[in-house]
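Open the model in a viewer and keep the selection panel at hand. The stops below are given in the order in which to select them.

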Amino acid sequence: MTSTTDKKNINLTLKIWRQNGPDNNGFETYYADDISTDMSFLEMIDVINERLTLEGKDPVAFDHDCREGICGTCGTMINGRAHGPEKGTTLCQLHMRHFADGDTLVIEPWRSRAFKIIKDLVVDRSPLDKIIQAGGYISVNAGKAPDANAIPIPQETAETAMDAAACIGCGACVASCPNASAMLFVGAKISHLALLPQGKPEAMIRVMAMVNEMDRQCFGNCTNHRECEAECPKEISITNIARLNREFIKSGLF
Amino acid sequence: MQLDAKIPGGLLTEKWDRNLFELKLVSPANKKKLDIIVVGTGLAGASVSATLAELGYNIKSFCLQDTPRRAHSISAQGGINAAKNYSNDGDSIWRLFYDTIKGGDFRSREANVYRLAQISNNIIDHCVAQGVPFARDYGGLLANRSFGGAQVSRTFYSRGQTGQQLLLGAYGALMRQIAEGKIKTFPRREILDIVLVNNKARGVVTRSLITGTIETHAADAVVLATGGYSNVFFLSTNAMTSNVTANFKAYKKGAFFANPCFTQIHPTCIPVHGAYQSKLTLMSESLRNDGRVWVPKNPGDKRSPDQIPESERDYYLENRYPAFGNLVPRDVASRNAKMQCDMGKGVGETGLAVYLDFDDAIKRDGKDVIIKKYGNLFQMYEKITGDNPCENPMMIYPAVHYTMGGLWVDYNLMSTVPGLFVIGEANFSDHGANRLGASALMQGLADGYFILPYTIGGYLAETSMQKVTADHPEFKDAAKKSESRINRLLSIKGKRTVDDFHKELGSILWEHCGMSRNSEQLLRAQNLIRELREEFWENVIVPGSGKEFNQSLERAGRVADFLEFGELMVIDALARKESCGSHFNEAYQTEENEAKRNDKDFCHVAAWEFAGDDNEPVFHKEPLAFENVELSQRSYK
Ligand SMILES: Cc1cc2nc3c(=O)[nH]c(=O)nc-3n(C[C@H](O)[C@H](O)[C@H](O)COP(=O)(O)OP(=O)(O)OC[C@H]3O[C@@H](n4cnc5c(N)ncnc54)[C@H](O)[C@@H]3O)c2cc1C
Ligand code: SF4
Ligand code: FES
């Protein structure tokens, strides 16, 4: 299915999770006919929704905004894979040329006890905000900063911090973890800030507070399945979890 | 009404200091008693919310997204300007000021732009302190690159995702204040109206996008940081939720709308490829540092790019503008791309594209260096087009990207409605008729971290206000009106979808009020929009109910506002009988086909006042005085 198709238009069968309220839910089947392979996956859903609307039916609710892979709003499972089959790709960047004529796609929302379903494919990811509130920042008020070049930071350090800071907060790591752990998300933020000299003064309180909040928000533990790394659309490395663990141990020693 | 921009007296270089001194202060004890509503959590909204909370005010922060971190600012790619002169190439506050005024084709306020250039340096300091991972050179100091309209290198960046990193910094600051209890957030809430009590902005009507519940919120002042309206064109580089609703509602409540026809068409976007297309993707202007723009010399040349020899290529920007080359400002680059395509020299399947070629840069610097600079942009391009820019030149075409027009504000960023402040892309203030690259992020953060936190204090300190709550009849009345509009939209049950109307509106504006305009076309557009609006209210179909998560209903409300607002853009374009920056009226051009201003009659801001649904808006003029720079024909040759 991941092979690129040459055919310009394809036909697909979609099994989409529909949910409006706790008891009203289940898969529905839709036929996506004559889909151009230049379309993005979300444009394909747009086409289905236009059709449903004209038929007087309820269109499929799904989250999306930037449609260029940076805001972290979109995301569903396609045949059990978060953001679909392409590596390092958000759902909105996935194009139909990666599917073959006649494919059946099972489309579901993120499933995790920390994320409640709002409607159809839309979930509530606000627990991720709660974790950031616990300490995912550097405490500096506007107006207090020294000159930006006062502290040189080795290029390599800045680049590694940037690798971690690239997390878009989409929640795919949580959705693909068998334990519904948010360790990759938290590890990315901890790494980004702990690597930089500006982030060091608060490093210990930060890691404690964020890990505790993660537990409070019902995310599970990390038992090294590495599904998160495989499915992360920004290819955030699992070494960030290792760094989180090191930082956490350090903070316990003091 | 005479517009008073409240520009402080004295030397240009001293105005902001003087203003800071003259503004009354709110005591720390009183700040704790004051409530401020901030709509929007992009760079402008997040930074102002955090800073106001740091100062002690109580903030309510609203946004459409499920979390503040996803506001449209997240997708800014290329960078943010500052006059640090770290590159030691002759930059200065004055030069950044001058470039911005000239880039805007002399249609912005000197005092605002100078202040922006002054503050630019504080922004970089603050963002570095927050942990924004800007690019660095081998010595560990901050790196810079160049953007259009400048001959110095003053743009700070985090790979191709500068907006993301700056927004995460501001979002972190916002989250910190939530934890402190100074900010309350309301995500997935849409502002449907602004509420005035005794002619002052005192609150908002909102709809929960999850449950559909209509709510009202009262405060001592309201800040709109609601972004731009590029999506009036349907296809733009903006996020899908970007809209004009809150700003348009403010306009209807008495806030003047300034220069609505100044819309920026960005030269380097991935070309349109099908009728189902939902948005356009920008390829950052930073690519023009190394990419060379060209088309075949001969119209209709359909050979693949590698088959076209050097001698048969037209590097039209380098040829026409030797001094700036590929780095001319956006309006100039876009118009030239259109001209080449109009001459039949466009490339690709549709003929509506030009090449952006990295071949020479790769030969010069090596593939690794180029990938390091632009890797994520190349990847984005490849995902969409299935083509690799290291092997074949990119194909690009202009697309709607940014709106210089916005709600009119004075020097203190207050609109014509007392207590209603407007910041970031939502206001009109700093970019004149064309914005230079990497200066929107600068403006949003200048407004949010360093300007409004002080100027709003001046208003609150000198205005005596009674406490009002959301039980006040004005709130009830506004909520009822919002609700009945929703019911009306749901009850039409027509035959055309919301998107279908939106697409038609977009194509009317793109054809008639886009990269080039003329009076005849604009008049036609005005009629077409009116007809479309009428049809919308008779024939739109909005499924579902108002009391649930209903994305069709959300879009219907926004498109209904775009259908009114689009006409205002056209009216503004018709009234400006000159060409300047992004506004290119074919009747006014130089012999070399550049925009020809008419400074005698149009050296002003056009500010429109709402005069009722059935009346033409009323025109007001804020004359622009240039005391520190000489008005000249813009030249990038
Ligand atoms: C693809 C792209 C790349 C760009 N790259 C650059 C760059 O490199 N450098 C640069 O300087 N500029 C760049 N820009 C421009 C820049 O990103 C924007 O101008 C800027 O981010 C706008 O910020 P803002 O805070 O004013 O508004 P936005 O970030 O648009 O935020 C608007 C906020 O208002 C909220 N909102 C809107 N309406 C309502 C409503 N009715 N109810 C409730 N909430 C509402 C939204 O939810 C959102 O939180 C780019 C723009 C695009 C599209
Ligand atoms: S770590 Fe990856 S998968 Fe997890 S939230 Fe961040 S970007 Fe998404
Ligand atoms: S819609 Fe923004 S990442 Fe997909």
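Start in chain A, where α4 (172-176) and α5 (183-195) each supply at least two residues of the shell around ligand 2. Helices here are DSSP runs of H or I with at least four residues, strands are runs of E with at least two, and both are numbered from the N terminus. This is a predicted model, in which local features need pLDDT of at least 70 and side-chain atom pairs pLDDT 80 or more, while totals for chains, interfaces and linings use all residues. Residues are numbered from 1 along each chain as its sequence is written, chains are lettered from A and ligands numbered from 1 in the order in which they are written, and side-chain values use heavy atoms, with hydrogens and water left out.

Select the surroundings of ligand 2 (a residue counts as near if one of its heavy atoms lies within 4 Å). Among them are A:Cys167, A:Cys170, A:Cys173 and A:Cys232, along with A:Phe185 and A:Pro233. The shell holds 10 nonpolar residues, two polar and no charged. In this scheme Ala, Val, Leu, Ile, Met, Phe, Trp, Tyr, Cys and Pro are nonpolar, Asp, Glu, Lys and Arg are charged, and the others, Gly among them, are polar.

Next, select ligand 1, which lies between chains A and B. Of the 38 residues around ligand 1, the nearest are B:Gln65, B:Ser73, B:Gly78, B:Glu425 and B:Leu441. By class, this shell has 15 nonpolar, 18 polar and five charged residues.

Now show the N and O atoms around ligand 1. A polar side-chain atom of B:Glu425 is 2.6 Å from a ligand 1 oxygen. A backbone N or O atom of B:Gly79 lies 2.9 Å from a nitrogen atom of ligand 1, and one of B:Ala440 lies 2.9 Å from an oxygen atom of ligand 1. Ligand 1 taken alone exposes 1000 Å², of which the protein buries 98%; these accessible areas come from the Shrake-Rupley method with a 1.4 Å probe. In chain B, α3 (43-55), β6 (189-197), β15 (394-403) and α12 (440-462) are the elements that give two or more residues to the shell around ligand 1. β6(B) gives the most, with three residues.

For the last stop, select B:Phe97 and B:Tyr114. Their ring centres are 5.4 Å apart and their planes at 70°, so the pair is edge-to-face. Rings of Phe, Tyr and Trp (its six-membered ring) pair with centres within 6.5 Å; planes under 30 degrees apart are stacked, over 60 edge-to-face and the rest tilted. B:Phe97 sits in helix α4 (residues 93-103) of chain B and B:Tyr114 in helix α5 (residues 110-130) of chain B, 17 residues apart.

How values were computed
Polar contact = N/O pair within 3.5 Å; in protein donor to acceptor, adjacent residues only side chain to side chain.
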